Structure formats: C-alpha cells, structure tokens
Amino acid sequence: MSLRHALLGLLSERPASGYDLLKRFETSLANVWPATQSQMYTELSKLADSGLIGVSAQGPRGRKEYTLTDEGLAELRHWLTETKPQRNTRSDILLRVFFLNVITPDQARSYLAELMELSEQEHEALRRLADSIDWGDDPLSVNGRIALEYGLRFNAMRREWAAWAADQIR
C-alpha cells in the first residue's frame, strides 16, 4: 500500500480538503499506514499533477477541496485487483528472537514480557479507538471495523505467543 492509494481510497468516499483528509486519516488509516501532514499534502499535489484527483473547489486561505477523477478511480481499482500486496518481510521483533541465546534467560524472558506488555497496550489503544468512533454503515466504517478487528486479533495473538515463547526459555 502507499499513501497515494490511501488518499485515493479516502476520496472514493467523497470529496474532501487536505485538512479533512488528514482528520479522516488519523481516525482510520493511521494505525495501518502512518503518514505526516507534510507527506499527505505533498502526495495530494502529486496526485493532482498526475490527474488522479482534481480540485473541485477553492476556499479562503488556499483551502482546496479534492475530488477523485475517473483516472484516479481506475488507478485505485487497478491497485486493489491487479497488484499483489507487498509482504512485510522485516520484523525487528522477530529478528531479536533469533538471537535471544546471546543474552541471559532472564533477559530473554524480560524482552518477551515487554512484548506482551506492548501487545496489551496496543490492544487497549485499539479498543479505545473502536469505542471512540461513531461507526456508521458506510463502506469506510465497515471496512475500518474489519481492519481494526485484525489489529485487535493480531495483538491478542502476539501477546499469547510471547507468553508461550517465554515459557520455552530455559
């Protein structure tokens, strides 16, 4: 996934200003694809320059409202159906696991206990996020709930795995 496709996806729902997109991004996609405000505005300019989005309205202080073009929708559909998701092949967490034998068993168990705590904290943060959102029946809400459930289940699995792994350290 790229920021490019994230913005195209958000604009597929409805036109929005950069500010509106930033706020929607923070409450929906930021947990799976973090991006800064400057990255978002840079990407919006690139998308407009390439004709994938258009400026449908301009307001005070240079505020622009962006709309997805037919070319942008075609690009989003192409990305969704004809490109394979990139497999995240790097994991700092698991790389460290491969070398736990270099530290003492107590240190290894401590590392895994910290991972359990991190997983619990992330799980609780996602739970709070879920509780704070006024979910609707619109596609972004439905798909957002599905993605959030993945995060909840992933953190629960990682917490359970870290507890199991700690028991394996002798």
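Predicted model: local features only at pLDDT ≥ 70, side-chain atom pairs only at ≥ 80, totals over all residues.

Colleague: What makes Asp 92 and Arg 96 about one helical turn apart?

Modeller: Asp 92 and Arg 96 are four residues apart in helix α5, and therefore about one helical turn separates them. An α-helix has 3.6 residues a turn, so residues three or four places apart point the same way.

Colleague: Why is the contact between the side chains of Asp 92 and Arg 96 called a salt bridge?

Modeller: The N to O distance between the side chains of Asp 92 and Arg 96 is 3.1 Å, and the cut-off for a side-chain nitrogen of Arg and a carboxyl oxygen of Asp is within 4 Å, so the pair qualifies as a salt bridge.

Colleague: Why is Arg 96 described as partly exposed?

Modeller: The relative accessible area of Arg 96 is 46%, and because buried means under 20% and exposed means over 50%, Arg 96 falls in between and is partly exposed. Arg 96 and Leu 76, although 20 residues apart in sequence, are 37 Å apart in space from C-alpha to C-alpha.

Colleague: How many salt bridges does the structure hold, and which residue forms one with Glu 122?

Modeller: There are seven salt bridges in the structure. Arg 158 forms one of them with Glu 122, with the closest N and O atoms 2.9 Å apart. Since Arg 158 belongs to helix α7 (residues 139-168) and Glu 122 to helix α6, this pair ties together parts that are 36 residues apart in sequence.

Colleague: Are Arg 158 and Glu 122 buried or partly exposed?

Modeller: Arg 158 has a relative accessible area of 11%, and is therefore buried, being under the 20% cut-off. Glu 122, at 33% relative accessibility, counts as partly exposed.

Colleague: What does the salt bridge between Asp 20 and Arg 63 link?

Modeller: The side chains of Asp 20 and Arg 63 meet at 3.2 Å, N to O. Their pair links distant parts of the chain, with Asp 20 in helix α2 (residues 18-28) and Arg 63 in the loop between β2 and β3, 43 residues apart. Asp 20 is partly exposed at 28% relative accessibility, and Arg 63 is partly exposed at 39%.

Colleague: Which residues of α2 are buried, and against what do they pack?

Modeller: In α2, the buried residues are Gly 18, Leu 21, Leu 22, Arg 24 and Phe 25. The buried residues of α2 pack against α1, β1, α3 (37-49), β3 and α7.

Colleague: Why are β1 and β2 said to stand at the edges of the sheet?

Modeller: Three strands form an open sheet in the order β1-β3-β2, with antiparallel pairing. β1 (16-17) and β2 (53-58) each have a single partner strand, so one side of each is left without a neighbour in the sheet. Helix α1 (residues 3-13) lies across β1, β2 and β3, and runs at about 90° to β3.

Colleague: How do you know that β2 and β3 count as paired?

Modeller: β2 and β3 (residues 64-68) are joined by five bridges in the antiparallel sense, and because the criterion asks for at least two bridges, the two strands count as paired. Among the partners, Ile 53 is bridged to Leu 68, and Val 55 to Tyr 66. The hairpin of β2 and β3 has five residues between the strands, and in this hairpin Arg 61 takes a positive phi near 55°.

Colleague: Why is Val 102 called exposed, while Leu 126 is called buried?

Modeller: Val 102 has 64% relative accessibility, and therefore counts as exposed, the cut-off being over 50%; Leu 126, at 11%, counts as buried. Val 102 sits in the loop between α5 (92-97) and α6 (105-132), and makes a nonpolar surface patch of about 550 Å² together with Leu 95, Phe 98, Phe 99 and Ile 103.

Colleague: Which residues are in contact with Leu 126, leaving aside its neighbours within four places in sequence?

Modeller: Leu 126, which lies in helix α6, is in contact with Asn 31, Leu 148, Gly 151, Leu 152 and Asn 155 once those neighbours are left aside. The C-alpha atoms of Leu 126 and Gly 151 are separated by 7.3 Å, although the two residues are 25 residues apart along the chain.

How values were computed
Residues numbered from 1 in each chain as written. Heavy atoms only, no water. Contact = heavy atoms within 4.5 Å. Axes fitted to C-alpha atoms, helices over the stretch in contact; angles between N-to-C directions. Patch = residues over 30% accessible without salt bridge, like charges linked within 9 Å, V, L, I, M, F, W, Y side chains within 5 Å. Areas by Shrake-Rupley, 256 points an atom, 1.4 Å probe, with all protein chains shown as cover. Buried < 20%, exposed > 50% of the residue type's maximum accessible area, 1.4 Å probe, protein only.
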